[in-house]
Amino acid sequence: MYADRINSLPPYLFAAIDKARQEAVKKGIDVINLSIGDPDMPTPPHIVEAMRKAVGNPERHRYPSYEGMLSFRDAAAKWYKKIMNIDLDPETEVLTLIGSKEGIAHIPLAFLNPGDVSLVPDPGYPVYNIGTILADGKPYKMPLISENNFLPDLDAIPSGIAKKAKIMFLNYPNNPTSATATVKFFEEVVDYANENEILVIHDNAYSEMTYDGYKAPSFLAVGGAKDVGIEMHSLSKTYNMTGWRLGFAVGNRDILSGLGKVKTNVDSGAFEAVQEAGIAALSGPQDCVRSMNNIYKERRDALISGLNELGLDVKPPRATFYVWVRVKGKSLDFTKMLLEKAGIVATPGPGFGEYGEGYIRFALTQTVERINEAVERMHKLKIE
Ligand SMILES: *Cc1c(COP(=O)(O)O)cnc(C)c1O
């Protein structure tokens with residue numbers, strides 16, 4: 001019944017985890033879910049209020065323009081200038097997305113012919129791989145391993161693959177490893193992309209979720225980056241807006257135009273009232289971002305010190321709300337044991353690709369009290 005491309009999709013590990021979690025809840029276990037990459041805190045009130053106002057305006061009820069409202073793209077360009085000090089033309093260098101996942105999934109359709117290669121990080125956000133498969137492309141996995149600080153080793157990519165590759169996906173600050181990248185690394189990427197004629201898609205969903213004074217760089221901060229690539233942004237994590245479905249892509253106008261062509265034919269843009277709320281988020285006061293980061297930092301410190309006391313070697317991440325932990329034995333066995341014996345849900349690393357084996361991912365999407373409770377339960381288990 002299904003097309004080959006559907007049959008060739010990797011099994012969705014997260015569905016299995018969720019089933020196990022639901023069964024545990026049914027048995028009456030008090031489950032602490034540290035597996036969800038979805039902010040538990042509400043969207044800030046000034047953004048909700050902007051939506052409330054916009055939704056009452058009949059002018060916002062009609063089909064939006066394909067590329068997004070100019071006022072939203074303008075707010076995105078101004079946000080970029082303020083936060084990243086990068087100049088963008090809102091008319092040609094900003095494209096509204098229905099969440100960045102939408103843009104990531106559609107990019108391969110615009111640039112890959114059947115059999116063309118895309119370079120995808122492993123472990124990684126699954127959509128880079130799956131978007132490639134759905135476009136009949138061939139994903140080539142770039143391992144992200146601790147020895148390389150979870151950055152891909154570009155020299156390790158066989159030159160035959162590099163020549164065949166048309167796009168490269170990157171994501172720093174990184175999900176799931178929480179690794180960060182330097183501007184120097186991005187410079188190497190731009191050189192590599194020029195040498196091999198590769199388009200770079202940098203997913204910067206976590207640029208604002210940072211701690212201890214760390215500032216995550218934009219890929220576009222590197223000279224020449226705009227000639228080879230684009231950057232994807234999402235309002236989901238920065239402003240607790242996962243359910244609203246709003247993001248944007250910036251950078252190279254030809255790449256954006258290719259993506260825009262796909263979008264014009266398969267979707268009809270983001271609801272204008274949501275874009276109005278997005279304007280309020282991007283142009284309004286940013287102290288909500290700081291206060292959320294303070295909360296995540298407190299949770300991070302609680303989890304890290306608990307894990308360190310247990311003898312697990314893990315350092316506090318400088319960005320994202322993930323903690324990527326090396327464990328003994330198979331990841332899946334470890335997460336099963338955590339759920340069965342301690343009622344804790346974590347994500348097994350292989351859910352993000354084969355190089356995630358040996359790791360589990362905790363998400364800091366529970367209160368400090370619940371995280372402390374999780375740590376206490378792990379202590380009772382005598383995990384090492
Ligand atoms: C959460 C996340 C996104 C955001 O996706 P939206 O579709 O904008 O909600 C994108 N990339 C990564 C790596 C993520 O973790």
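**Figure 1. Asparagine 293, a buried residue of the predicted model.** With a relative accessible area of 10%, asparagine 293 is buried (buried means under 20% relative accessible area, exposed over 50%, and partly exposed in between, with a 1.4 Å probe and protein chains only). The structure is a predicted model, in which local features need pLDDT of at least 70 and side-chain atom pairs count only at pLDDT 80 or more, whereas totals for chains, interfaces and linings use all residues. Residues are numbered from 1 along each chain as its sequence is written, and side-chain values use heavy atoms, with hydrogens and water left out. Asparagine 293 belongs to helix H13; helices (H or I, at least four residues) and strands (E, at least two) are DSSP runs numbered from the N terminus. Its side chain comes to 2.9 Å from the backbone oxygen of glutamate 208. Apart from neighbours within four places in sequence, the residues in contact with asparagine 293 are Glu208, Met209, Thr210 and Tyr211, contact meaning heavy atoms within 4.5 Å.

**Figure 2. Domain 1 and domain 2 of the chain.** Domain 1 comprises residues 4-43 + 287-381, and domain 2 comprises residues 45-283; such bounds come from an automatic or database domain assignment. Between the C-alpha centres of domain 1 and domain 2 the distance is 25 Å. On the side of domain 1, 34 residues make contact with 39 residues of domain 2. Together the two domains bury about 3,200 Å², and carbon and sulfur atoms give 62% of this area. The residues of domain 1 that lose the most area to domain 2 are Thr43, Arg318 and Tyr355, which together account for 24% of what that side buries. Buried area is the accessible area (1.4 Å probe) that two parts lose on being put together, summed over both.

**Figure 3. The side of domain 1 that touches domain 2.** Helix H1 (4-7), helix H13 (287-309), strand E9 (322-326) and strand E12 (359-363) each contribute at least two residues to the side of domain 1 that touches domain 2. Of that side, H13 supplies the most, with 7 residues. By type, the residues of this side are 19 nonpolar, 8 polar and 7 charged. Ala, Val, Leu, Ile, Met, Phe, Trp, Tyr, Cys and Pro count as nonpolar, Asp, Glu, Lys and Arg as charged, and the others, Gly among them, as polar. A polar contact is a pair of N or O atoms within 3.5 Å; within protein, one must be able to donate a hydrogen and the other to accept it, and residues adjacent in sequence count only if both atoms are side-chain atoms.

Figure 4. Side chains of opposite charge can pair when their charged atoms come close. A salt bridge is a side-chain nitrogen of Lys or Arg within 4 Å of a carboxyl oxygen of Asp or Glu, and the structure holds 21 of these. In the salt bridge of aspartate 30 with arginine 370, the closest N and O atoms are 2.8 Å apart. Aspartate 30 sits in the loop between helix H2 (13-26) and strand E1 (32-33), and arginine 370 sits in helix H15 (residues 368-381), so the pair ties together parts 340 residues apart in sequence. Both residues are partly exposed: aspartate 30 has a relative accessible area of 41%, and arginine 370 one of 23%.

**Figure 5. The salt bridge of glutamate 276 and arginine 60.** The closest N and O atoms of glutamate 276 and arginine 60 lie 2.7 Å apart in this salt bridge. Because glutamate 276 is in helix H12 (residues 272-283) and arginine 60 is in the loop between helix H3 (45-55) and helix H4 (70-84), the pair ties together parts 216 residues apart in sequence. Glutamate 276 is partly exposed, at 23% relative accessibility, whereas arginine 60 is buried, at 16%.

**Figure 6. Phenylalanine 111 in helix H5.** Phenylalanine 111 is placed in helix H5 (residues 100-111) and is buried, at 15% relative accessibility. From phenylalanine 111 to leucine 199 there are 88 residues in sequence, but the C-alpha to C-alpha distance in space is 8.9 Å. Neighbours within four places in sequence aside, the residues in contact with phenylalanine 111 include Leu199, Asp254 and Ile255.
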